[in-house]
Amino acid sequence: MFKKLSKVLSLVTISVFLISCSKNHINRNHPDYAKISLEDMQDIFEPLPDQVLKLEDKSTVAQVKLGKKLYFEKALSLNNDISCNSCHMLDKFGVDNEATSPGHKGQRGDRNSPSVYNASLHIAQFWDGRAEDLKAQAKGPILNPIEMAIPNEEEAIKRIKRLSGYTDMFKAAFPKEKDPVTYDNLAHAIAQFEKNLLTPSRFDDYLKGNQDALSNDEKEGMRIFNEVGCTSCHNGVGVGGGLYQKIGLEIPYETEDKGRFNVTKNNDDMYFFKVPSLRNVAKTGPYFHDGTVKTLKEAISLMGTHQLGVELKKSEIDAISVFLESLTGKMPEIAKL
Ligand code: HEC
Ligand code: HEC
């Protein structure tokens, strides 16, 4: 219900924006047009929280520790050669910088690996939102025949029980349970670890009130990003990640992937994807759901054309790119090896 509402609201926002553009004939050449105000930006964006998961008791801390070990566990793949970190490398902003990722026996799927950083703040997981949260998501790749290719949950658990150390870690993480080494707990622990994979940046310092945290060029890029309408979709705490939208809203975008339609079978969802978070986007290329767009500037230009129906000028693309680079954050301690 809420998701539907937010979709409707976003459509309304976009229409209002497009109508107001044509009415006011925005002069995008005028240097002083709509000088950026911190308050306006605080209405559109939100700084990252310090934590998503409160580490308030011993068992929660034990779950995070277990989840981290599992995240790097290659025994959770049929040939003992792939872990979550193979496609979502924590020292590479949570991606592998490949268009599509090699999984079991080098097989590749049709979609680009999104980052695990800040993913806990998205409305749902995957490009089409088919997993409702990180826990539901984590159950998928281990059993996916072209990713980690373990035949079934029992086999995954058998493998974990054979390795030394895990049984005690599961007991510490789930102290009330008699037989805590289960597939559900395994997914829960991985999700707990992922929740605090947050990458605060200078952009967050700015949103918290330090106006000097961004350079004038970055602020100018942010102004243009907002003024041309990128913020109608890329907004909130993730600068994206908060709603679904159609790729090719204004001018059709060629793709075989029907996106969210595959999940809902609802024609209104044809070619809808989760609007990706743009945090760390300068580091997470190649771009789009299929990884076919190689550079950030190319991605910005395509967005102007297909999502907004405007041909952005080179100077505007450059400025937006400078702003987006300021979204590159610091990796948290918890992600370090
Ligand atoms: C072989 C590469 C590969 C492996 C291994 C892999 N993933 Fe992924 N991951 C992907 C791809 C590709 C997607 C996007 C698929 C889609 O949207 O349909 C994805 C999506 C995700 C997402 C959703 C992020 C978002 O923004 O929607 C999360 C979270 C994630 N993976 C975590 C994990 C975890 C945890 C593991 C280990 C249990 C794992 N992945 C193993 C390739 C991989
Ligand atoms: C109507 C909603 C909408 C608007 C407006 C919009 N975007 Fe997007 N953006 C999306 C969607 C949906 C995707 C995912 C498209 C895909 O992969 O098929 C996306 C993807 C991107 C990507 C690629 C991210 C990645 O990780 O692959 C970048 C960069 C981007 N947008 C920047 C912008 C900029 C800059 C603007 C303004 C010029 C903008 N967007 C306007 C919805 C929008």
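User: How far apart are the end C-alpha atoms of helix 13 (residues 314–325), and what should its 12 residues span?

Analyst: This is a predicted model. At 1.5 Å a residue, the 12 residues of helix 13 should span 16 Å, and the end C-alpha atoms are 16 Å apart, which agrees.

User: Which residues of helix 13 are buried?

Analyst: The buried residues in helix 13 are E316, I317, A319, I320, F323 and L324. They cover an arc of only 165 degrees around the axis, which puts them on the same side of helix 13.

User: Why would residues three or four places apart point the same way?

Analyst: An α-helix has 3.6 residues a turn, so residues at that spacing point the same way.

User: And what is exposed on the other side of helix 13?

Analyst: K314 and S315 are exposed there.

User: What do the buried residues of helix 13 pack against?

Analyst: They pack against helix 10 (216–227) and helix 12.

User: Moving to ligand 2: how many residues does helix 12 give to the shell around it?

Analyst: Helix 12 (residues 296–308) contributes seven residues, the largest share of the shell around ligand 2. Helix 12 is also one of the helices against which the buried residues of helix 13 pack.

User: Which residues come nearest to ligand 2?

Analyst: Of the 28 residues around ligand 2, the nearest are C230, C233, Y287, F288 and M303. By class, the shell has 20 nonpolar and eight polar residues, with no charged residues.

User: Now helix 7 (residues 166–173). Which residues are buried there?

Analyst: Y166, M169, F170 and A173 are buried in helix 7. They cover an arc of only 100 degrees around the axis, which puts them on the same side of helix 7. The buried residues of helix 7 pack against helix 3 (58–71), helix 6 (153–162) and helix 8 (183–195).

User: Where is N85, and what does it touch?

Analyst: N85 lies in helix 4 (residues 84–87). Leaving aside residues up to four places away in sequence, N85 touches Y71, F72 and L90. The C-alpha atoms of N85 and Y71 are separated by 6.4 Å, although these residues are 14 residues apart along the chain.

User: Why does N85 count as partly exposed?

Analyst: N85 has 19 C-beta neighbours inside 10 Å, whereas a buried residue needs 20 or more.

User: Finally, how many helices and strands does the protein chain have?

Analyst: The protein chain has 13 helices and two strands. Buried residues make up 41% of its 337 residues. Among contacts between residues at least 6 apart in sequence, 70% join residues at least 24 apart.

Note on methods:
Residues numbered from 1 in each chain as written. Chains lettered and ligands numbered in written order. Predicted model: local features only at pLDDT ≥ 70, side-chain atom pairs only at ≥ 80, totals over all residues. Helix = DSSP H or I, 4+ residues; strand = E, 2+ residues; numbered from the N terminus. Buried ≥ 20, exposed ≤ 12 C-beta atoms within 10 Å, placed from the backbone. Contact = placed C-beta atoms within 7 Å. Near = placed C-beta within 6 Å. Nonpolar A, V, L, I, M, F, W, Y, C, P; charged D, E, K, R; others polar. Expected span 1.5 Å × (residues − 1). Arc of directions from axis to C-beta.
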